Amino acid sequence: MSDTKKLSITKLRKTFKHVIAPKDANYDKARTVVAGDIDRRPAVIIKVTNANEVAQVIALAKETGLALAIRSGGHSVHSVVDGGIVLDLSMMKDLQIDTNTKTAWAETGLTASEYTTAASAHGLTTGFGDTGSVGIGGITLGGGVGYLVRKHGLTIDNLLAAEIVTADGQILQIDEKNHADLFWAIRGGGGNFGVVTKFKFQLQDLPQAYGGMLFLPATAETIASFLTEAESAPEELSAIVNVMPAPPMPFLAEEHHGKMIIMALMLYAGDPAQGEKVMEPFRKFATPFADMLRPISYTEMFPPENGEYHPIAVSKNMFLDKVDQSVAETMLKHLQASTGMMSVTQLRVLGGAMARVPVDGTAYAHRNSKIMANLAVIFQNLDEKPIHEKWVNEYQKAIQQSDKGGYVNFINTLGETELNAAYPGSTLEKLRQVKAKYDPTNLFKMNHNIKP
Ligand SMILES: Cc1cc2nc3c(=O)[nH]c(=O)nc-3n(C[C@H](O)[C@H](O)[C@H](O)COP(=O)(O)OP(=O)(O)OC[C@H]3O[C@@H](n4cnc5c(N)ncnc54)[C@H](O)[C@@H]3O)c2cc1C
């Protein structure tokens, strides 16, 4: 029987130090996730401080039958649940960096920028995504696509081991040799298999770099040329190319505001002088509206964020084989037709180290996918949602190519279609088998749920 009444907050406070209940002043802050349209009210939020407490929360969820959500950085739509228990890892921020072996043990309450700032002090890093406040828990378990994807692969390609608390309360140390099936599954399979308390990452040398933002006018020609150049550039270069109407940014002349632009976030992970040469062609596709590329430290790729920003958006994630002028034309047409507050198409050129990992080497099976695309529209009024969903669905259909996959961390709607896109081929079946072994009752289901 599942029953919130079974929860005695007073009793819980005797077991756990950090218990947040609906009447507490910090309840609203603790239950808020990034997405502005998620407004769920858990029965309790427990901020854990070690693996034993994680095991105790798991036992509590089983005993009460209440739904359990796991939260690291709170950037997904899965980490809060109505009437259930939120296991919040954000107090677990220990980070042990070994500069000799160039490895790090990191607790999963760390954010990407906290980890990066500490590692960069030693001229070392591990690649996460483009946003510093994203939790290393969620991003790693889904794959992790960021500024080092072509040079050093996904985040999971730099994952050496993990500590995980499984549904039966066991605390397991897992890697390629120990519980290899589970270690395979957590590299892309999300939070389906247990609560990861620590990751052991490979650190990469990155004492200096070249990069930042480049703003160009977006035409079919500049978009196609940009993507072609990014695909053939050395692997040190990874670019996140946003095609969108120019926001009223202070460094963009007013005459450009609202016009279609390329806002490219670029990093050359290597010698800045070489990086400058590699960036040269990009600067020449058109006269830049703003050119902020420069010698840069990796930590600067995570600019300060507004923690109070909670956008309402609909989005689709997909992979493309190529973006030529005709595809770019279609993109511009759809972006211009959107009635949202802000519409954007984000393109990430993949390949390089990411593509050298075998397709079945991890649960992230999109190793041959060429370009990742995120189609998104941000809007203010929830009543408008159906209009924007229609827009994004039609847009996706119009540019769909041979690759029907999607990246689990960017898929925000749940269902079998989404699961099949995230886990193509034999991946999903293999994940189901691992799930049946480690979580047969499907305790961990607040995610892109893989049923045992
Ligand atoms: C603004 C923004 C920018 C982004 N940029 C990128 C990017 O550049 N690259 C990229 O790859 N992704 C990116 N993402 C997607 C992001 O990786 C996912 O949303 C990810 O799930 C967020 O992780 P989190 O820990 O912050 O989220 P949470 O919501 O806290 O966690 C997400 C889910 O992951 C699981 N989970 C998290 N931690 C654990 C754990 N320790 N043990 C077990 N399960 C766990 C749970 O199921 C949880 O519900 C971005 C998202 C946003 C909102």
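A term to begin with: a polar contact here is a pair of N or O atoms within 3.5 Å. Keep in mind that this is a predicted model.

Now the contacts. At Gly 135, a backbone N or O atom sits 2.8 Å from a ligand oxygen. Ser 72 also uses a backbone N or O atom, and there the distance to an oxygen of the ligand is 2.7 Å. Ile 139 has a polar backbone atom 3.5 Å from a ligand oxygen.

Next, the shell. The ligand is surrounded by 32 residues. Ser 72, Gly 74, Ser 76, Ser 79 and Tyr 407 are the closest. By class, count 18 polar, 11 nonpolar and 3 charged. Which elements supply at least two residues each? They are β3 (68-71), α5 (136-142) and β10 (195-202). Of these, α5 gives the most, with 4 residues.

On to the second largest pocket. Its space is about 270 Å³. There are 17 lining residues, and those closest to the centre are Lys 316, Asn 317, Gln 396, Glu 418 and Ala 421. The lining divides into 9 polar, 4 nonpolar and 4 charged residues. Both β17 (312-320) and α12 (416-422) supply at least two residues of the lining. The largest share comes from β17, at 4 residues.

That's the tour. Questions, please.

Notes: Residues numbered from 1 in each chain as written. Predicted model: local features only at pLDDT ≥ 70, side-chain atom pairs only at ≥ 80, totals over all residues. Heavy atoms only, no water. Near = heavy atom within 4 Å. Polar contact = N/O pair within 3.5 Å; in protein donor to acceptor, adjacent residues only side chain to side chain. Nonpolar A, V, L, I, M, F, W, Y, C, P; charged D, E, K, R; others polar. 1 Å grid on protein atoms, 1.4 Å probe; cavity = no way out; pocket = protein on both sides within 12 Å on 5 of 7 lines; lining within 4 Å. Points joined across faces, edges and corners; volume = space filled by probe spheres on them.
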